[in-house]
Amino acid sequence: MKAIVITTPGGPEVLKLQEVEDPQINDDEVLIKVEATALNRADTLQRKGSYPPPKGASPYPGLECSGTVVSVGKHVSRWKVGDQVCALLSGGGYAEKVAVPAGQVLPVPPGVSLKDAAAFPEVACTVWSTVFMTSHLSAGETILVHGGSSGIGTFAIQIAKCRGVRVFATAGSEEKLAFCEKLGADVIINYKTEDFVARVKEETGGKGVNVILDCVGAPYFQRNLESLDFDGRLFIIGTQGGAKTELNIGSLFARRLTVQAAGLRSRSLENKAEIVSEVEKYVWPAITAGEVKPVIHKYFPLSEAAEAHQLMESSQHIGKIMLVP
């Protein structure tokens, strides 16, 4: 099969389409013929050499895909050859075929095309496992989503809105903010021209929000804490601005704040299967009902993975960037 190989750690130009061995499946896996895959920020880190795949995972990038099941391991009962599915991966999505543990496979939601379904697994599993399963965001609460126009952000706005949450979103351009508003964000904040702490306080009567989903890290850490209400939860899923900061622990005491952080890729198979099961149970109905839609910026052929990475690193996109073998 053909796959995108990281020929050496570096810029987008190190991504090359090459002929490689087909993946072999074990007894608990299915083999998927890939219809589409999607970029995630982690792919760019892997390309630079700073985010290696977990032990036993495919060396090729790509953390999600959609496609058709072409073979199943002997312990797999739910899936059969010919099923149209999408899946959460530990790697290997930038290829014509990928082997996936059966517990990380999802049916394509009704009303969503096979190609577009590749936009959902990583964002749905990330947002559901963090904001809902861990931070317990619930109806009537408020959330601040940083990077509201990203793949994660556009999904988080939609799923929070349809679960009765008031949504604040930050973005860096008027076009991106308008898109966040169209998706349902109640309060939009241009982080380049506004102080998000002041705006959050102003819009909440001085209280702050209940939950923050943050991908920036260190530069926002203290300001995020200042933006939380009593019993507020800060969930960090990325460190795009840096990973080291100082913390005045006293600032957590007075308002009983919780700081949480997690990745998805390094979790155990059991943990991923549990998340995927919850996503199918709680998120898929919202997609089927049309309350949550795939937000796709552009499709590239797999052979143009380097161009797709350039676009992601320019941050000019809104929503997901896709690759099609």
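Biologist: Which residues in H2 meet H8 in this model?

Modeller: Keep in mind that we're looking at a predicted model. On the H8 side, the residues are Ile 275, Val 276, Glu 278, Val 279 and Tyr 282. Their partners in H2 are Ala 124, Cys 125, Trp 128 and Ser 129.

Biologist: And by class, what does the contact of H2 with H8 have?

Modeller: Glu 278 in H8 and Ser 129 in H2 both take part in this meeting. Sorted by class, the contact has one charged, one polar and seven nonpolar residues.

Biologist: How are H2 and H8 placed, roughly parallel or roughly perpendicular?

Modeller: Their axes come within 9 Å and cross at roughly 95°. Angles of 65 to 115 degrees count as roughly perpendicular. So H2 is to H8 roughly perpendicular.

Biologist: How many aromatic pairs does a search of the whole structure find, and what is the pair of Trp 128 and Tyr 282 like?

Modeller: The search turns up five aromatic pairs. For Trp 128 and Tyr 282, the rings are 5.5 Å centre to centre, with 15° between the planes. Planes under 30 degrees apart get one particular label, so this pair is stacked.

Biologist: Which residues does Leu 269 touch?

Modeller: Leu 269 is in helix H8 too. From Leu 269 to Ile 318 it's 49 residues in sequence and 31 Å in space, C-alpha to C-alpha. Leaving out residues up to four places away in sequence, Leu 269 touches Pro 101 and Gln 104.

Biologist: Back to H2: is its crossing with H3 left-handed or right-handed?

Modeller: The axes of H2 and helix H3 (residues 151-162) come within 9 Å, crossing at roughly 60°. The two helices are therefore oblique to each other. As for the hand of the H2 and H3 crossing, it is right-handed.

Biologist: How many charged residues does the contact of H2 with H3 have?

Modeller: H2 brings Val 123, Ala 124, Thr 126, Val 127 and Phe 132 to the contact, while H3 brings Gly 151, Ile 152, Phe 155, Ala 156, Ile 159 and Ala 160. By class there are nine nonpolar and two polar residues, and the charged count is none: no charged residues.

Biologist: What about H1 and H10, which residues make their contact?

Modeller: The axes of helix H1 (residues 41-48) and helix H10 (residues 305-314) come within 10 Å and cross at roughly 115°. That makes H1 roughly perpendicular to H10, and their crossing is left-handed. The contact is made by His 309, Met 312 and Glu 313 of H10, and by Arg 41, Asp 43, Thr 44, Arg 47 and Lys 48 of H1.

Biologist: By class, how many charged residues does the contact of H1 with H10 have?

Modeller: Arg 41 and Glu 313 are among the residues in this contact. Next to one nonpolar and two polar residues, the charged ones number five.

How values were computed. Residues are numbered from 1 along each chain as its sequence is written. This is a predicted model: local features need pLDDT of at least 70, side-chain atom pairs count only at pLDDT 80 or more; totals for chains, interfaces and linings use all residues. Side-chain values use heavy atoms; hydrogens and water are left out. Axes are lines fitted to C-alpha atoms, for helices over the stretch in contact, and angles run from 0 to 180 degrees between N-to-C directions. Helices (H or I, at least four residues) and strands (E, at least two) are DSSP runs, numbered from the N terminus. Angles under 35 degrees count as roughly parallel, over 145 as roughly antiparallel, 65 to 115 as roughly perpendicular and the rest as oblique. A crossing is left-handed if the near helix is turned anticlockwise from the far one by less than a right angle, and right-handed if clockwise. Contact means heavy atoms within 4.5 Å. Ala, Val, Leu, Ile, Met, Phe, Trp, Tyr, Cys and Pro count as nonpolar, Asp, Glu, Lys and Arg as charged, and the others, Gly among them, as polar. Rings of Phe, Tyr and Trp (its six-membered ring) pair if their centres lie within 6.5 Å; planes under 30 degrees apart count as stacked, over 60 as edge-to-face and the rest as tilted.
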